Amino acid sequence: MSSDQIAGLLIQGLWETLYMTLVSTAFAYLIGLPVGVILVTTGKHGIRPNPVLHHTIGVIVNILRSVPFLILMIALIPFTRFVIGTTLGSTATIVPLVVASAPFVARMVESSLQEVDPGVVEAALSMGASTWQVIWKVLLAEARPALLMGSTIAVTTILSYSAMAGILGGGGLGDIASRYGFYRYQYDIMLLTIIVLVLVVQVLQEAGSRAARAVDKRQ
């Protein structure tokens, strides 16, 4: 392959990887953020304790987090085909990515919200704040730096999942690395995909760290 062909291949793979990662992260947070909030508010020391609901959601989250991504992706093939119409390509990969990452995001959110000083929550409740006001104006507001750092970890984890999906025809840089670098023994392409992935992770981590520092009132 010529240099121009390799460059075009990597650009297309980078676009597909970013597409899968960012869309999957958005959907994972649409699901995982409210689930994480529910886990915190219904916990033993939450503002609305509900042991049955807390335990049920916790078990579901733990089960989904326990399944390795590649196995989960294979198990979800019928569901992915039903939702998307195919199991190949970057769009189809979003389905198992969301299923795999939403529980991870829920635990990240739960951990971030648990760092909020309980005294602040108690003060808000004593002043007559509603449950929704405590969640929105206290828990989520106070935990913004931790939530942003958690989102950085989540997006890089989802990025690694998307790379693994390439082995099963998921598209993106992972597909290029396996199809060209591994099966065709073109190790120069393999090395280039690794370099691109490392650079993308570094950019995402730096952006997340900067955003977290920008909203951290303690600094």
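H1 and H8 are oblique to each other, because their axes meet at an angle of about 130 degrees, and an angle has to be over 145 to count as roughly antiparallel. That is where I want to start. This is a predicted model, so please keep that in mind throughout.

The axes of H1 and H8 are 9 Å apart, and the crossing of the two helices is right-handed. On the H1 side, the contact uses Thr 17, Met 20, Thr 21, Leu 22, Ser 24, Thr 25, Ala 28 and Tyr 29. On the H8 side, the partners are Leu 147, Gly 150, Ser 151, Ala 154, Val 155, Ile 158, Leu 159 and Ser 162. Sorted by class, this contact of H1 with H8 holds nine nonpolar residues, seven polar ones and no charged ones.

A word on how we talk about such pairs. Two packed helices are described by the angle between their axes and by the distance between those axes.

Now the chain as a whole. The protein chain has 10 helices and zero strands. Reading along the sequence gives α-α-α-α-α-α-α-α-α-α. The C-alpha trace spans about 70 × 40 × 25 Å along its principal axes.

Back to H8, which covers residues 144-165. What does H8 do with H10? H8 packs with H10, residues 187-215, at an angle of about 170 degrees, and the axes are 7 Å apart. H8 and H10 are therefore roughly antiparallel to each other. H8 passes H10 in a right-handed crossing. From H8, the contact residues include Leu 148, Met 149, Val 155 and Leu 159. From H10, they include Leu 197, Val 200, Val 201 and Leu 204. In the contact of H8 with H10 there are 13 nonpolar residues, five polar and one charged. Val 155 and Leu 159 of H8 are also listed in the contact with H1.

The next pair is H6 and H7. H6 runs over 118-126, and H7 over residues 131-142. Their axes come within 10 Å and cross at roughly 160 degrees. That makes H6 roughly antiparallel to H7. H6 passes H7 in a right-handed crossing. Val 120, Val 121, Ala 124 and Leu 125 of H6 make the contact with Val 134, Val 138, Leu 139 and Glu 142 of H7. Seven of the residues in the contact of H6 with H7 are nonpolar, none is polar and one is charged.

Last, the empty space. Rolling a probe the size of a water molecule over the atoms shows where such space is left. The largest pocket holds about 360 Å³. Which residues lie nearest the centre of the largest pocket? They are Val 40, His 45, Gly 46, Gln 114 and Pro 118, out of 18 residues in the lining. H1 (3-41), H5 (90-113) and H6 each supply at least two residues of that lining. The largest share, four residues, comes from H6. By class, the lining has nine nonpolar, six polar and three charged residues.

To recap the helix pairs: H1 with H8 is oblique, H8 with H10 is roughly antiparallel, and H6 with H7 is roughly antiparallel. H6 also gives four residues to the lining of the largest pocket. That is all from me.

Terms used: Residues are numbered from 1 along each chain as its sequence is written. This is a predicted model: local features need pLDDT of at least 70, side-chain atom pairs count only at pLDDT 80 or more; totals for chains, interfaces and linings use all residues. Side-chain values use heavy atoms; hydrogens and water are left out. Axes are lines fitted to C-alpha atoms, for helices over the stretch in contact, and angles run from 0 to 180 degrees between N-to-C directions. Angles under 35 degrees count as roughly parallel, over 145 as roughly antiparallel, 65 to 115 as roughly perpendicular and the rest as oblique. A crossing is left-handed if the near helix is turned anticlockwise from the far one by less than a right angle, and right-handed if clockwise. Contact means heavy atoms within 4.5 Å. Ala, Val, Leu, Ile, Met, Phe, Trp, Tyr, Cys and Pro count as nonpolar, Asp, Glu, Lys and Arg as charged, and the others, Gly among them, as polar. On a 1 Å grid over the protein atoms alone, a cavity is a set of points where a 1.4 Å probe fits but cannot get out, and a pocket is an open set with protein on both sides within 12 Å along at least five of seven lines; lining residues have an atom within 4 Å of a point. Grid points are joined across faces, edges and corners, and a volume is the space filled by probe spheres set on the points.
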